[in-house]
Amino acid sequence: MTAYLLSIGIVVLIYALLTLGLNLQFGLTRLVNFGIVAFFAIGAYTSGLLSLKGVPLPLSFLAAMIVAGLAALPIGLLSLRLREDYLAIVTLGFSEAIRITIQQEEWLTNGVQGLPGLPKAFASLGSGNSDIALFVTLVLVTAITAWGTLRLTRSPLGRLLRAIGDDETALMALGKDPARFKVQIFMLGAALAGMGGAFYAHFITFITPEQFIPLVTFYVWMSLIMGGTGTVRGAIGGTALLMIFLEGSRFAKDLIPGVSEVHMASVRLAVVGLALILFTLYRPQGMFGKRQA
Amino acid sequence: MTEFLNLLINGVIEGLVVALPALAMTLVMGVNRFPNAATGDFMTAGAYATIGLQLAGVPSLVLAALIGALAIAATSAASYFLIFRKLARQPMVASLLAAIGLGFLIRSLISLFAGHDQRTFQLPLMRAWNFNGVRILPTDLAIAGVALACLAVVFILLYKTSFGRQLRAVADSPDLARASGIRARGLLISLWLLVGALSSVGGVLLGMKAVVMPDLGWEHLIPAFAAMVLGGIGSPVGAVVGAVLLCVAQELSVPFLGASYKLVLAFGVLAIALLIRPAGLFGRIELVR
């Protein structure tokens, strides 16, 4: 039971990192990223492949963040010229393009078979303790990220970013150049997703292209929408709600007879869909967000 | 050379089919101002409805597809009435997220009741005509014919009827249209009926060309969007031309990149089109709101 709770905790925290990254991009700066899973995948594969080549984990984690951040650069630059709806579809297309490339380029990624036998983080501590160490590390990393986000939102730079989201034209009239900040925030959010990917790869130790479908992106969106966009509280609370739902549905499967895992996958998809519709309709400010005037 | 011709023919036929959802998206984009990401799943729903009707004993594919199109048209109009109408005053992202959610909901209901297995339509098997290596399937000709007929109907509706005139007026300026006494409500319901039927027929035609599975339409969302952007958002002619150009490019890329990279190519075309000519081939420069 402890092992189970621990593994849920780890997955929640990984999703929390992704949600915090999206909160920077969308909650703060109104950059609509429908391709989070691409940066998650890039991080997971970068760190996974490097560690298999014998690169120590701290370095491969760093590489995962850098590669994911750099992969966001062209999209970030493109985002400067696009309206939000175009950016949404472009990022969605980007994530599918990345997934297909990972699936096809077998020489690098081993294709659909995926990468088995990735080194487990903190493996030297033994099987039970390594998860505890991973959990504690993730708590620290998430706390630092959340604290950093809070500091950022309250700093002059944060006000600037918020202003980008609210009224970019007015900002430019004041002589500020929002472009640089937008690209930077986009890359930062992507780097966070990349780090999440590295944690994921070295927690479950086996990655395949099929784990990086667009549904992951919309889990993160669902967290942020449920929690309330623009606040750290909302990002964390929303992720917790998401996990209760994802894991709860696993228990529901055991309790209701005759429901297969395939059925449950459809039900989860249905709930994500319904949640996105109902929250945009009835509670756009989220569960924990402030009601906007 | 014959191989090239075969790919070209295939690309044109697929392009005419993808033109239907691209047109559906561009109509919603022009009037409701958001990319309807559920378009692909309306297609899938249409294909499954038609298969279901065939299994239930509807003897002709045409009849089944027609009833299916009516059902999806009703679903589409209901989705507008229940969801998107209420989000009109919200930021565009709200409608887009809701559309993605609706797509997920439709797809999950399909996979829940019909499973993930690939299905095919009950079609008479026909041998391809062979002109010195250039192969043409009679089914493909029928598919292209139906697609062209649907496009013709939509263009007549758009440019020769008062429905189309009013619709274009609302697309240009909702306020001005209201001031001139155009009642937007019935007009928009009709638009969404049309959009649903168009997507549904597109899904059936795509399913006839390949197989029907729950991801059928979702996999054509990016190509349909790329076609719409390539042609110029809000330009119906552009959507059709964009779809044909994109699908021909996709088919011609197969010998070099392999079939799996078709979607990646569509994404590439989309990104390049946005960079070089954001207003599309047939678009005009829009004022940023």
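**Exercise 1.** Which residues touch the most other members of the largest nonpolar core?

Solution. The model is predicted. Its largest nonpolar core holds 196 residues, and Phe34(A) and Trp221(A) are the two that touch the most other members. Leaving aside residues up to four places away in sequence, the contacts of Phe34(A) include Phe218(A) and Trp221(A) from chain A, and Leu96(B), Leu97(B) and Ile100(B) from chain B.

**Exercise 2.** Classify the ring pair of Phe34(A) and Phe218(A), and state where the two residues lie.

Solution. Step one: the ring centres are 5.1 Å apart, within the 6.5 Å limit for a pair. Step two: the planes meet at 70°, and angles over 60 count as edge-to-face, so the pair is edge-to-face. Step three: Phe34(A) sits in the loop between H1 and H2 of chain A, while Phe218(A) belongs to H10, 184 residues apart. Step four: Phe34(A) has 0% relative accessibility and is therefore buried; Phe218(A), also at 0%, is buried as well.

**Exercise 3.** Classify the pair Phe84(B) and Trp192(B).

Solution. The centre-to-centre distance is 5.2 Å and the planes are 15° apart, which makes the pair stacked. Phe84(B) is in the loop between H3 and H4 of chain B and Trp192(B) in H8, so the pair ties together parts 108 residues apart in sequence.

**Exercise 4.** Determine how H1(A) and H9(A) are oriented.

Solution. Their axes are 7 Å apart, at an angle of about 170°. Angles over 145 degrees count as roughly antiparallel, so H1(A) is roughly antiparallel to H9(A). The residues of this contact comprise 17 nonpolar, five polar and no charged.

Terms used: Residues are numbered from 1 along each chain as its sequence is written. Chains are lettered from A and ligands numbered from 1 in the order in which they are written. This is a predicted model: local features need pLDDT of at least 70, side-chain atom pairs count only at pLDDT 80 or more; totals for chains, interfaces and linings use all residues. Side-chain values use heavy atoms; hydrogens and water are left out. Axes are lines fitted to C-alpha atoms, for helices over the stretch in contact, and angles run from 0 to 180 degrees between N-to-C directions. Helices (H or I, at least four residues) and strands (E, at least two) are DSSP runs, numbered from the N terminus. Angles under 35 degrees count as roughly parallel, over 145 as roughly antiparallel, 65 to 115 as roughly perpendicular and the rest as oblique. Ala, Val, Leu, Ile, Met, Phe, Trp, Tyr, Cys and Pro count as nonpolar, Asp, Glu, Lys and Arg as charged, and the others, Gly among them, as polar. A nonpolar core is a set of buried Ala, Val, Leu, Ile, Met, Phe, Trp, Tyr and Cys residues joined through side-chain atoms within 4.5 Å. Buried means under 20% relative accessible area, exposed over 50%, partly exposed in between (1.4 Å probe, protein chains only). Contact means heavy atoms within 4.5 Å. Rings of Phe, Tyr and Trp (its six-membered ring) pair if their centres lie within 6.5 Å; planes under 30 degrees apart count as stacked, over 60 as edge-to-face and the rest as tilted.
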